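Have a look at the structure first, then work through the notes by topic.

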Amino acid sequence: MNRPTLAWKLYIAAFYIFLFAPLLIVAIFAFNASPFPSPPWRGFTLEWFTGSGAVFGKPGVLTDSIWLASIGNSFKVAVPVALLAVFLGTVNAWVLERVEFRGKTVLAMMMLWPLVIPGVVLGISILAFFSRLANGLEEWLQTDLDFLRPGLPLVILGQLSFILTISTLIIAARLRKFDRSLEEAAFDLGASRARVLRTVTLPFLSPALIGAGLVALLMSFENFNTTLMLVGSDAPLPITMYGQMREGATPAINAVSLLLMLGVGGIASVFALTAKAER
Amino acid sequence: MTLCIGSVMAHSTDLDIVNVTKRFGSHAAVDEVTFSVAPGEFFSILGPSGCGKTTLMRMIAGFEHPTSGDIRIRGQSMIGVPANRRPVNMVFQSLALFPMMSVGENVAYGLMCRGMPREDAEERASRMLERVGLTGFGERRVTALSGGQRQRVAIARCLVLEPTLVLLDEPLGALDLKLREHMKIELKQLQGTFNTTFAYITHDQSEALVMSDRIAVMNQGRFEQVGSPRELYHNPATPFVASFVGETNRLQGEIMASSDGTVALQLPSGMVTRGTGRVPQKAAVAFVRPESIALAPSQPALRDLPNRFEGRVSAVLFDGANSSLLIETLGFEQPVRAVLPQAGPLAGIEVGAPIHVGWTADAMKVFAA
Amino acid sequence: MMTKPAQRLTFFLLLAPAILWLGLLIVLPHVEILILSFSERVAPRVYAFGVGNYLEFFTEPLYWRTFARTAFMSILVTALTLVLAFPIALYIARVAQGRVKAMLLLLCLLPFWVSELVRTLGWMMLLRETGVISYMLRAAGLADQPVELLYNDGAVILGLVYGGLLFMIVPLANALESLEPSVVEAGFDLGGSRWTVLRRIVIPHAMPGIVAGSIIVFMLTVGNFATPVLLGGKNGLWFTEQIYAQFITRFNWPQGAAFGMLLLLLSSAIVWLGLRLTGQSLGTTLKQA
């Protein structure tokens, strides 16, 4: 069992090539001096990042308002999602780990639910429910409630519906490891309840809070299924990419993808580092 | 410390526990306990796990609330006073050092909670660290300390606040044997230098005996006896204290005759022994310490003793100065354990050798069973 | 203790986020599409209770065929993923040591931190008529005209298997990790061949991981949207696409809601079945991933 055969080793090698081939292709062709994201190789260029459109007739990512706007929209969604996921996830984790009440096991089970619901179904159910809510409230209040209609606020809610489960699980796992006598010790030494929370409990949780925030940020940035159903006229990055991929795009999409990979790689390594520090 | 003494109201006791009871449902974890601790005293509560000593300590600290009774510190009732406002600090079983802070920050924590500016608090903390022998450790992570150093940080963190009373919840439990022996002495010395009142709970009778001025033996929510280590050891008030504190031989039998504190106890084998105690009933238990048992190769050497029996060595338990023999004795159900002095003539005795044992009536304490 | 009003208030404040989240974002929306799926339009803007949307599903071949196709292909994808991932997980868990092991696992994780759309874009660039593979085949003289490898079932399956691999490898490797080496050695010692040891000892031990991985891969596959649509084009025919079409393109929400309920039912049924067959709980299964 411990002596791998040559065939096995070759299979492993082939597998990792298979794993990275698509990503490498995407990255390489971001620098191809061609108006199309396909071979042959026509030389190296940064035009698809910074070009103004003078060379190929289409601008690079960093000067194209469509790409810039969708990156902006993605941030407008991801930042609130991450902040809410951390804050509400902490409260939920507290409920799971520190509060005893009847029906807690049911609640804990329900918190896992969103993970087994297909993203598309989450999207349409939230869309349908909030439309009904908007119709009812608008009739009653006689005003327009646009934030309940497809658009970025609804995307935030839709993504939050399942990202909260993840952040709750991450934070609860850390809270479970907390030695309660640390809190008692701080309280015993004269700290107020608020001070105990600020100086002892939250610092202990902070790796999990950062981790949960980064995971939420990533998941929000990359979510497609749920977002697709709830999006209005302001498209976040994955929606714009999807549209361009259907219509046929310039290598600018490769450039965006490469930037995304770099950003994700950065966040992932921060996450890996905090996870290591936790141990 | 000097500042402190002037401001403190003169009171003859630091801690008074008055009829304190704590019930969890119908179970009384602490049942009508009353005692007082004098200033500067090292007071231990000794008992098996589950006897209620931890609950009692947590009530003094303010983490639990008594069902009835009163807890007074320097005469002031603590009922309704939260843990963070009591002049009591606790050394936790796990020590509960804050892993996210340095050693210095740990010690300064309580001072800063009182609103002391950071520099002053750190200054005081580093002086306290000097006094417990941790000069220059202020910047270290608490995770980088040895077991004994962590212990001292936990105590320094309490002492820096100059509390009326320091509570210690089995803080030596996690240490290995060698270090534990060393820390017993160190704790006692620390308490002496700071002259602070310590209330210490433990299930380890040796810890309690070595360190304490007075010990309360606790069992099933009640105090069995309160007294100095010597009193408890030599004059146990109850069978529980006799068997829990120190090594002992236990005999069971019936009272045949008693007069003026001296009793004759008949063992099931019919053998009669003589001991001291006042037993109003027939069924009784008796205890004899292994070191009270005299050993001799022949009967005549023991002729002055009221209890004399013969037996055979069934095991030699060699443990240096604590060596002892197990002796299969005629008429006794259990082998008798006796201390074997390593300096004496019997030091080289082997298993199977015939031997005579004897003890005085004073050495055997008899209680109602 | 809970009777003190201040404590009561704290309790409800702590509970409020969970209640609002699960109530407003999960439970009520699902109640809404359940109701919606049972409503039929009897006149413009007038709806009545009825099972017409579900009848429509069974009578219109395109719908139920797409549904069956999605279910069947998801099972196929799950099985393929399992077969492909097993040797990798076995290698990571039992052969690789120390840093190599950590490296291999990290390299597995890395591509999956990248957006699904970027990964799909990579496959499109490789497989399409003007793509890299077609170009290389021509350059090598193996084909004399552009080869279209995109927009067929093979491409869809490839993309879905690729997307599911990580979620299979991690639970498998975790399960295999816990197998005592001495148990395997005993298997060999007692005269087992490589194949018998694998079949009788290693695979049964990895069963919890196999189940967890399969459930997760199946869920992700059945609910996928972008991969079948982009790699399969018109031939993708994935059920999520039908839901999207009813909701967004045709604006027939009741029909879309019925489809959504059916997809949810399919996904939950398979998850439940998988858990039932192996006697595992949802919580521990999800934690494996």
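Let's start with Leu95(B), which counts as buried because it has 22 C-beta neighbours inside 10 Å; the cut-offs are 20 or more other C-beta atoms within 10 Å of a residue's own for buried, 12 or fewer for exposed, and partly exposed in between, with C-beta atoms placed from the backbone. This is a predicted model, where local features need pLDDT of at least 70, side-chain atom pairs count only at pLDDT 80 or more, and totals for chains, interfaces and linings use all residues. Residues are numbered from 1 along each chain as its sequence is written, while chains are lettered from A and ligands numbered from 1 in the order in which they are written.

**Confidence**

- The predictor puts the complex at an ipTM of 0.87 and a pTM of 0.84.
- Chain C has a mean pLDDT of 84, with 95% of its residues at 70 or more; pLDDT is the predictor's confidence in each residue, from 0 to 100.

- Leu95(B) isn't a glycine, yet its phi is positive, at about 75 degrees.
- You'll find Leu95(B) in the loop between β6 (88-91) and α3 (103-113) of chain B; helices (H or I, at least four residues) and strands (E, at least two) are DSSP runs, numbered from the N terminus.
- Asn195(B) is another residue other than glycine with a positive phi, here near 50 degrees.
- Asn195(B) sits in the loop between α6 (177-194) and β8 (197-202) of chain B, and it counts as exposed because it has 10 C-beta neighbours inside 10 Å.
- For context, most residues other than glycine have a negative phi.

**Chain B overall**

- Chain B has nine helices and 20 strands.
- Its C-alpha atoms fill a box of roughly 75 × 45 × 40 Å along the principal axes.
- Chain B splits into domain 1 (2-240) and domain 2 (247-368), with bounds that come from an automatic or database domain assignment.
- The centres of domain 1 and domain 2 of chain B, taken over C-alpha atoms, are 39 Å apart.
- Of the 369 residues in chain B, 41% are buried.
- Among contacts in chain B with a separation of 6 or more, 63% join residues 24 or more positions apart; a contact here means C-beta atoms, placed from the backbone, within 7 Å.

**Who touches whom**

- Two pairs of chains are in contact, and chains A and C share the most contacts.
- The A–C contact takes 65 residues from chain A and 62 residues from chain C.
- Helix α1 (residues 6-28) of chain A gives the largest share of chain A's side of that contact, twelve residues.
- That side of chain A divides into 55 nonpolar, eight polar and two charged residues; Ala, Val, Leu, Ile, Met, Phe, Trp, Tyr, Cys and Pro count as nonpolar, Asp, Glu, Lys and Arg as charged, and the others, Gly among them, as polar.
- The A–B contact takes 16 residues from chain A and 17 residues from chain B.
- On chain A's side of the contact with chain B, α7 (180-188) and α8 (193-222) each supply at least two residues, and α7(A) has the largest share with seven.
- The side of chain A that touches chain B comes to nine nonpolar, three polar and four charged residues.
- Chains B and C do not touch, and their nearest C-alpha atoms are 12 Å apart.

**Zooming in on Asp188(A)**

- Asp188(A) is in helix α7 of chain A.
- Asp188(A) counts as buried because it has 28 C-beta neighbours inside 10 Å.
- Setting aside neighbours within four places in sequence, Asp188(A) contacts Ala61(B), Ala83(B), Asn89(B) and Met90(B).

**The largest nonpolar core**

- This core has 261 residues, and Ala85(A), Leu167(B), Ala89(C), Ile169(C) and Leu172(C) touch the most other members; a nonpolar core is a set of buried Ala, Val, Leu, Ile, Met, Phe, Trp, Tyr and Cys residues joined through C-beta atoms within 7 Å.
- Helix α7 (residues 153-177) of chain C brings the largest share of the core, 17 residues.
- Domain 1 (2-240) and domain 2 (247-368) of chain B both give residues to this core, so it lies between them.
- Beyond its neighbours within four places in sequence, Ala89(C) is in contact with Ile169(C), Leu172(C), Ala173(C) and Leu176(C).
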